[in-house]
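Keep the sequence and the 3D view open while you read.

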Amino acid sequence: MTEGTTDPRFAAVRDAFEQNLADGLEHGGAVAAWVDGQPMVDLWGGTRDLADRVPWQQDTLVNVWSVGKGVVALAVAMLVERGKLDYAAPVAQYWPEFAANGKQDITVDQVMSHQAGLDGLPVPVPEEQRQAWYPVIEVLQAMKPNWPPGSACVYHPETYGYLAGELVRRVDGRSIGRFVAQEISEPLALSFFFGLPESQDHRAAQLSASDEAYDWVRQGAASAYPHAYRNREFSATAPNERGWRAAEMPAGNGHSDARSLAKIYGALAADGIVDGHQLIGRRALARAVAERFHGVDASSGAPTIFGAGFRIGAIGFGPHVGVGHFGHTGWGGSVAFADPARRLGFAYVTNRMLGFDNGVDPRRARLLDAVYAALA
């Protein structure tokens, strides 16, 4: 059963969401949309536990994987706007130890657009140390690049979060989780967390994954750029553990609901303003979403456009791809993005992680067909 509300002209979004549940494509999830700074869609349904017994609630949270990378990008953009970071500056200007082993010229821009050559760690780091933050930071600052920085774009599935998050900590003094909580989530009354408090653990959905959901991991491991996969076992069910939820691993462990993500991107689609609060200025946002790389990801072979942490344009939206879109996808199906031309912020989150041979998630396709038909 689907619960929640829609503006009358977006009623077909409910039908699409209910069809996903009826077809068995969806286990549990939520979808939301903001247009012109106002909520138009806020729906949820299905179940949030592996036993398929506990209904998805209005306040249910779920691990949204790399969708959180877009929130990290926003945090960095806010610090650039405040003059604390410069995209063109070397990372070592803010993080001196980072200069070791030939990394002295790597720029903030290269880190944010996955061109830093630091796509994976050269040594195994146990999970508990990854969750502790500093052991990974020590490895990153001591390592040499896996390939010449700036020579390619290779998706940094995990290290992006540590690199960008450490830059935030170095110039602001707060961890990425505290910065996002105090500068984004609390001012906008959102439920978005890097580091889920134990008091909120009861809200978290459990994740499940099909074998096909791991196809991108296998593809990356077999490519000419396997560094992200050599010393890391990617587990789709890791977010079901308290240690994962509590940690700040911002490339992959953001917890949120759809309405919070849609509100963030709804603000970014409407000149950075929502509920009378200026999240970021237009000029600063324009800098953040300007293209840094436009080509093919050397690991996946997929066409790729990156701004400063945001995926641009072709984010997997089928016929609704537009050059002005920016946001980020997440492993298994979740997504959040802004479409400034239509002043739209959209988010879809799920706890059933799927993979598709053609790269098109039919759940998202249905939802977006309905949203864009309403906007036509």
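Strands E1 (residues 2-6) and E3 pair in the antiparallel sense, with five bridges between them. (Two strands pair if DSSP finds at least two bridges between them.) Helices (H or I, at least four residues) and strands (E, at least two) are DSSP runs, numbered from the N terminus. This is a predicted model, in which local features need pLDDT of at least 70 and side-chain atom pairs count only at pLDDT 80 or more, while totals for chains, interfaces and linings use all residues. Residues are numbered from 1 along each chain as its sequence is written, and side-chain values use heavy atoms, leaving out hydrogens and water.

**Strands around E3**

- Strand E3 spans residues 38-46 and is mostly covered, with seven of its nine residues buried. Buried means under 20% relative accessible area, exposed over 50%, and partly exposed in between (1.4 Å probe, protein chains only).

**Helix H7**

- Helix H7 covers residues 176-185, and seven of its 10 residues are buried, so the rest of the structure largely encloses H7.
- The buried residues of H7 are Ile-176, Gly-177, Phe-179, Val-180, Glu-183, Ile-184 and Ser-185.
- They cover an arc of only 160° around the axis, which puts them on the same side of H7. The arc is that of the directions from the helix axis to the C-beta atoms.

**Positive phi in loops**

- Asp-36 lies in the loop between E2 and E3. The hairpin of these strands has two residues between them.
- Phi of Asp-36 is near 55°, a positive value in a residue other than glycine.
- Asp-36 counts as partly exposed, at 47% relative accessibility.
- Asn-101 sits in the loop between H2 and helix H3 (108-112).
- Asn-101 is a residue other than glycine with a positive phi, near 60°.
- With a relative accessible area of 49%, Asn-101 is partly exposed.
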